[in-house]
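Have a look at the picture, try each task yourself, and then walk through the solution.

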Amino acid sequence: MTHVLFVCLGNICRSPMAEAVFRHLVEKEGLADQISIDSCGIGGWHAGERPHNGTQKVLTQKGISHDTLRARQIKRQDFSDYDYIVCMDEENLSELNRMAPSGKKVYRLLDFAPDAMEQNVEDPYYTGRFEYVYELVQAGCQGLLDEIKAKKG
Ligand code: 4NP
């Protein structure tokens with residue numbers, strides 16, 4: 001079993017989008033029994049809430065389900081429970097590296113999309129560009145799945 005945790009600042013825009021997109025890809029490939037998926041936020045302000053309307057709207061447009069997503073805050077145990085901790089931008093990365101036990105690797109989603117034009121998934125909570133964020137999230141999730149499949153061999 002491979003355990004994947006997506007992390008952003010609030011867990012209502014980017015990381016729940018990544019969770020839903022990645023689960024959709026994993027289910028399409030018939031790997032749902034081999035990969036566990038969750039998401040969380042560095043902050044707990046939105047704990048218990050559904051994703052932002054912009055995230056819900058873009059996922060619905062793409063035919064990706066999102067009904068069960070609820071925000072939660074990251075906890076220390078996550079660093080040992082998850083193989084891949086995958087955040088969205090360099091701010092998330094430096095915060096998570098401060099929290100992580102030494103030696104624990106934290107990734108950015110676009111590390112897995114080397115052809116993308118960006119290294120950071122911008123925050124649509126501030127930019128409003130949910131469709132563009134979806135494109136980046138899709139590319140990163142596909143690359144991450146390819147990496148996990150290659151590792152499984
Ligand atoms: P996210 O976006 O990190 O992609 O979920 C944000 C959502 C909420 C806040 C910041 C970013 N906030 O400050 O409440």
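**Exercise 1. Find which side chains serine 39 contacts, and where serine 39 sits.**

Step 1. Start with glutamate 19: its side chain makes a polar contact of 2.7 Å with the side chain of serine 39. A polar contact is a pair of N or O atoms within 3.5 Å; within protein, one must be able to donate a hydrogen and the other to accept it, and residues adjacent in sequence count only if both atoms are side-chain atoms.

Step 2. The side chain of asparagine 11 is also joined to that of serine 39, by a polar contact of 2.9 Å.

Step 3. Now place serine 39: it lies in strand β2, residues 35-41. Helices (H or I, at least four residues) and strands (E, at least two) are DSSP runs, numbered from the N terminus.

Step 4. Serine 39 is buried, with a relative accessible area of 2%. Buried means under 20% relative accessible area, exposed over 50%, and partly exposed in between (1.4 Å probe, protein chains only).

A note on the model before you go on: it is predicted, so local features need pLDDT of at least 70 and side-chain atom pairs count only at pLDDT 80 or more, while totals for chains, interfaces and linings use all residues. Residues are numbered from 1 along each chain as its sequence is written, and side-chain values use heavy atoms, with hydrogens and water left out.

**Exercise 2. Describe asparagine 11.**

Step 1. Asparagine 11 is found in the loop between β1 (2-8) and α1 (14-28).

Step 2. With a relative accessible area of 2%, asparagine 11 is buried.

Step 3. Check the backbone: phi of asparagine 11 is near 60 degrees, a positive value in a residue other than glycine. Most residues other than glycine have a negative phi.

**Exercise 3. Work out what surrounds the ligand.**

Step 1. List the residues around the ligand, those with a heavy atom within 4 Å of it. They are Cys8, Leu9, Gly10, Asn11, Ile12, Cys13, Arg14, His46, Asp123, Tyr125 and Tyr126.

Step 2. Look at the ligand's oxygen atoms. A backbone N or O atom of glycine 10 is 2.8 Å from one oxygen atom of the ligand. For histidine 46, a side-chain N or O atom lies 2.7 Å from an oxygen atom of the ligand. For aspartate 123, a polar side-chain atom is 2.9 Å from a ligand oxygen atom.

Step 3. Taken alone, the ligand exposes 350 Å², and the protein buries 91% of that. These areas come from the Shrake-Rupley method with a 1.4 Å probe; for residues, only the protein chains shown count as cover.

**Exercise 4. How many disulfides does the structure hold?**

Step 1. The count is zero, where a disulfide is a pair of cysteine sulfur atoms within 2.5 Å.

Step 2. Cysteine 8 is in no disulfide, and the nearest cysteine sulfur, that of cysteine 13, is 6.9 Å away.

Step 3. For cysteine 141, the closest cysteine sulfur is in cysteine 8, at 12 Å, which is too far for a bond. Cysteine 141 is buried, with a relative accessible area of 0%.

**Exercise 5. Sort the faces of helix α4.**

Step 1. In α4 (residues 90-99), the buried residues are Asn92, Leu93 and Leu96.

Step 2. These residues lie on the same side of α4, because they cover an arc of only 100 degrees around the axis. The arc is that of the directions from the helix axis to the C-beta atoms.

Step 3. The face turned away from the buried side of α4 carries the exposed residues Glu90, Glu91 and Arg98.

Technical notes: Near = heavy atom within 4 Å.
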